[in-house]
Amino acid sequence: MWNGTTPLLEATRLRSGYATGDVLQGISIGIAEGEIVGVLGRNGVGKSTLLRTLIGLLPARGGAITLRGQDITREAAHSRARRGIGYVPQGREIFPHMSVLDNIRMGTFVGTSRSDRAGGPDFDLIYRHFPFLRDRHAQRGGTLSGGQQEMLAIARALVNRPDILLLDEPSDGVQPNIVEAIGDAILALNAERNLTVLVVEQNIDLVQKIVGRAYVLDKGRVVRELTADEIKNTARLAEYLAI
Ligand SMILES: Nc1ncnc2c1ncn2[C@@H]1O[C@H](COP(=O)(O)OP(=O)(O)OP(=O)(O)O)[C@@H](O)[C@H]1O
Ligand SMILES: [Mg+2]
């Protein structure tokens with residue numbers, strides 16, 4: 001359960017959607033610094049819509065978003081990135097015809113002022129966690145495997161030194177051993193840098209490996225909050241993922 005301390009990122013009665021109507025029907029969540037929080041729920045319940053609204057790719061139609069208590073509800077996505085919110089979209093959205101290095105560099109453009117302030121883009125961090133990216137600098141992004149592309153998309157967000165990472169289904173289309181490696185990298189970043197993570201996931205193994213607490217969505221609403229113990233119960237977790 002939410003422990004009541006000041007959240008790093010908080011949404012209150014958040015509403016948003018598309019031309020077809022509202023998807024998020026008033027979502028309230030909070031993520032404290034250093035937490036790894038899950039967003040669960042079956043297809044189409046609004047998980048990606050929630051992340052897109054938190055990063056500012058979709059405008060909020062109601063409610064509020066705060067970062068360290070500061071209202072960012074009306075800020076543009078690039079401003080939120082500069083404040084330290086990193087985003088890895090569902091399906092990765094890397095640039096297949098650009099080199100691996102240029103894909104990583106794309107992350108530095110959006111958050112230039114932030115990475116300047118913090119000492120420049122952090123390539124060392126990326127290569128420490130995903131060393132293969134250094135060896136494949138010149139290769140086109142599209143030639144990497146699905147799992148490697150996911151790591152590239154995570155690296156593109158990490159290069160900008162985010163404080164919180166919003167990850168949308170990092171296991172989607174990724175082979176199991178790479179899902180495992182992605183989970184290890186997220187845990188290591190959390191331990192090493194106190195990186196806060198909000199992760200949308202439907203893969204039970206990855207949820208159980210990395211998530212400490214989770215929200216279950218249904219039809220644009222939070223319908224359950226799961227504790228660490230509830231997440232460890234595989235049969236129960238499978239039910240919640242299919243809610
Ligand atoms: N660009 C869009 N325009 C109109 N409706 C959309 C758009 N994107 C998503 N939707 C609709 O909004 C609802 C929520 O979609 P969303 O992508 O947030 O779900 P999700 O929980 O991320 O699903 P999934 O697990 O399949 O990724 C769905 O009914 C979907 O059809
Ligand atoms: Mg989605």
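## The shell around ligand 1

By class, the shell around ligand 1 has 3 nonpolar, 8 polar and 1 charged residues. Here Ala, Val, Leu, Ile, Met, Phe, Trp, Tyr, Cys and Pro count as nonpolar, Asp, Glu, Lys and Arg as charged, and the others, Gly among them, as polar. The residues in question are Tyr18, Thr20, Val23, Gly41, Asn43, Gly44, Val45, Gly46, Lys47, Ser48, Thr49 and Gln90. A residue is taken as near a molecule if its C-beta atom, placed from the backbone, lies within 6 Å of it. Helix α1 (residues 47-55) gives the largest share of this shell, 3 residues.

## Model and numbering

This is a predicted model, in which local features need pLDDT of at least 70 and side-chain atom pairs count only at pLDDT 80 or more, while totals for chains, interfaces and linings use all residues. Residues are numbered from 1 along each chain as its sequence is written, and chains are lettered from A and ligands numbered from 1 in the order in which they are written.

## Overall form

The protein has 11 helices and 10 strands. Helices (H or I, at least four residues) and strands (E, at least two) are DSSP runs, numbered from the N terminus. The radius of gyration of the protein is 17 Å, close to the 18 Å that the globule rule gives for 243 residues, so the protein is as compact as a globular protein of that length. This radius is taken over C-alpha atoms, and the globule rule is 2.2 Å times the number of residues to the power 0.38. The C-alpha trace spans about 45 × 40 × 35 Å along its principal axes.

Of the 243 residues, 44% count as buried. A residue is buried if 20 or more other C-beta atoms lie within 10 Å of its own, exposed if 12 or fewer, and partly exposed in between, with C-beta atoms placed from the backbone. Among contacts with a separation of 6 or more, 73% are between residues 24 or more positions apart. Two residues are in contact if their C-beta atoms, placed from the backbone, lie within 7 Å.

## The sheet of six strands

An open sheet of 6 strands runs in the order β6-β7-β8-β3-β9-β10, with mixed pairing. Its edge strands are β6 (85-88) and β10 (221-226), each of which pairs on one side only. Two strands pair if DSSP finds at least two bridges between them. On average, and with direction ignored, neighbouring strands of this sheet are turned by 20 degrees against each other.

Several of the pairs can be followed across the sheet. Strands β6 and β7 (164-168) run parallel and are joined by 4 bridges; Val88 stands opposite Leu167 in β7. Strand β7 is also parallel to β8 (residues 196-200), with 5 bridges between them. Ile164 stands opposite Thr196 in β8, and Asp168 opposite Val200. On to β3 (36-40), 4 bridges join this strand to β8 in the parallel sense, and Val37 stands opposite Leu198. By contrast, β9 (residues 213-218) and β10 pair in the antiparallel sense over 5 bridges, and the partner of Asp218 in β10 is Arg221.

## Buried strands and a helix

In β7, 5 of the 5 residues are buried, so this strand is largely enclosed by the rest of the structure. Ile164, Leu166 and Asp168 lie on one side of β7 and Leu165 and Leu167 on the other, all of them buried. Strand β8 is mostly covered as well, with 5 of its 5 residues buried: Thr196, Leu198 and Val200 point one way, and Val197 and Val199 the other.

Helix α7 (residues 146-158) lies across β6 and β7, at about 165 degrees to β6. Axes are lines fitted to C-alpha atoms, for helices over the stretch in contact, and angles run from 0 to 180 degrees between N-to-C directions.

## The sheet of four strands

Another open sheet has 4 strands in the order β2-β1-β4-β5, with antiparallel pairing. Strands β2 (21-31) and β5 (70-71) stand at the edges with a single partner strand each, so one side of each is left without a neighbour in the sheet. Strands β1 (residues 9-18) and β4 (residues 62-67) pair over 5 bridges, and Leu9 stands opposite Leu67 in β4.

## Glu33

Glu33 is found in the loop between β2 and β3. This residue is partly exposed, with 15 other C-beta atoms within 10 Å. Leaving aside residues up to four places away in sequence, Glu33 touches Leu8, Asn194 and Thr196. The C-alpha atoms of Glu33 and Val197 are separated by 8.8 Å, although these residues are 164 residues apart along the chain.
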